[in-house]
Amino acid sequence: AKAMVINMKKIGFIGTGNMGSALARAVSKKAGGERLLLANRTPQKSEALAIELGALPADNRQVALEADFIFLGVKPQGLPPLLSELSPLLRSRKEPALLISMAAGTSIFRIKELLSFSCPIIRIMPNTPAAVGEGMLLYSAGEGVSEQDLEEFRSLLSDAGKLLALPEEQLDAGSALSGCGPAFVCLFAEALADGGVLSGLKRQDALLLAAQTLLGTAKLLLVSGKHPGELKDQVCSPGGTTIEGVRQLEE
């Protein structure tokens with residue numbers, strides 16, 4: 001019955017860049033492409049994604065008037081003009097839409113201010129691994145978001161990765177870790193691979209070793225629930241190469 005409810009909802013995306021399209025792909029697995037309305041400033045992008053997902057290409061007006069859940073996939077600086085365009089359309093609806101904003105650093109209060117009226121809003125901070133179903137999605141719900149809305153929202157995004165509810169004042173800290181984190185992890189992965197190449201490995205092999213080692217270790221942390229220090233100690237033999245590497249990294 002719950003799946004039926006989700007299948008009845010229309011889901012709109014305004015902005016189908018890297019993050020918007022990653023979430024649209026995840027949502028299409030749950031809701032089916034035929035319930036998705038995709039709009040983008042450059043229509044070719046949303047049209048190509050609509051073909052891929054069996055979704056409907058749309059414009060901002062159509063999304064604002066027809067979608068029950070509206071994902072705002074625009075950068076923070078793009079939000080004021082977009083909300084000023086959407087405000088009269090959203091206000092004219094009989095049933096309010098649920099807005100889901102992924103604009104970094106823009107509070108729910110500020111979004112309501114820009115809209116100049118009150119409607120249910122969820123702020124989310126996804127990260128790029130959502131594109132392969134291993135994202136970390138942080139979210140914070142504003143006033144007026146019902147428990148049923150939240151349940152449907154979580155279900156729609158469950159194929160994008162893990163979801164974590166945070167108080168809104170912690171979203172910026174959380175997104176500095178999981179949102180910016182992939183860049184830091186990629187630097188570390190590249191450094192590991194460089195070390196492998198320096199030691200005589202082919203670049204392709206070194207990258208595979210680095211990436212799978214990161215993936216496996218992250219899974220070990222999550223599944224075992226052990227402290228990273230304990231897992232590190234399990235690899236460090238007395239006087240061995242690992243503890244020497246640890247010493248060099250600590251320096």
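How many helices and strands make up the secondary structure of the protein? The predicted model contains 12 helices and eight strands.

**Overall form**

The C-alpha trace spans about 70 × 40 × 35 Å along its principal axes. The protein has 251 residues, and 39% of them count as buried. Among contacts with a separation of 6 or more, 61% are between residues 24 or more positions apart. The protein exposes about 14,100 Å², and 59% of that area is supplied by carbon and sulfur atoms.

**The largest pocket**

The space in the largest pocket comes to about 1,400 Å³. Its lining consists of 30 residues. Those nearest the centre of the pocket are Pro129, Glu134, Val185, Leu214 and Ala218. Two strands, E7 (135-141) and E8 (161-165), each give two or more residues to this lining. Helices H8 (171-178), H9 (181-198) and H10 (203-224) do likewise. Which element gives the most to the lining? Helix H10 does, with 11 residues.

**Two residues**

| Residue | Element | Relative accessible area |
|---|---|---|
| Ile11 | strand E1 | 0% |
| Ser178 | helix H8 | 13% |

Is Ile11 buried or exposed? Residues count as buried when their relative accessible area is under 20%; Ile11, at 0%, is therefore buried. Its strand, E1, covers residues 11-14. Leaving out residues up to four places away in sequence, Ile11 touches Val27, Ala31, Arg35, Leu36, Leu37, Ala67, Phe69, Phe71 and Leu156. Gly33 is 22 residues from Ile11 along the chain, and the C-alpha atoms of Ile11 and Gly33 are separated by 9.4 Å.

Ser178 belongs to helix H8, one of the elements that give two or more residues to the lining of the largest pocket. With a relative accessibility of 13%, Ser178 also counts as buried, because this value is under the 20% cut-off. Which residues does Ser178 contact, apart from its neighbours within four places in sequence? They are Asn127, Met136 and Leu138.

Terms used: Residues numbered from 1 in each chain as written. Predicted model: local features only at pLDDT ≥ 70, side-chain atom pairs only at ≥ 80, totals over all residues. Heavy atoms only, no water. Helix = DSSP H or I, 4+ residues; strand = E, 2+ residues; numbered from the N terminus. Buried < 20%, exposed > 50% of the residue type's maximum accessible area, 1.4 Å probe, protein only. Contact = heavy atoms within 4.5 Å. Areas by Shrake-Rupley, 256 points an atom, 1.4 Å probe, with all protein chains shown as cover. 1 Å grid on protein atoms, 1.4 Å probe; cavity = no way out; pocket = protein on both sides within 12 Å on 5 of 7 lines; lining within 4 Å. Points joined across faces, edges and corners; volume = space filled by probe spheres on them.
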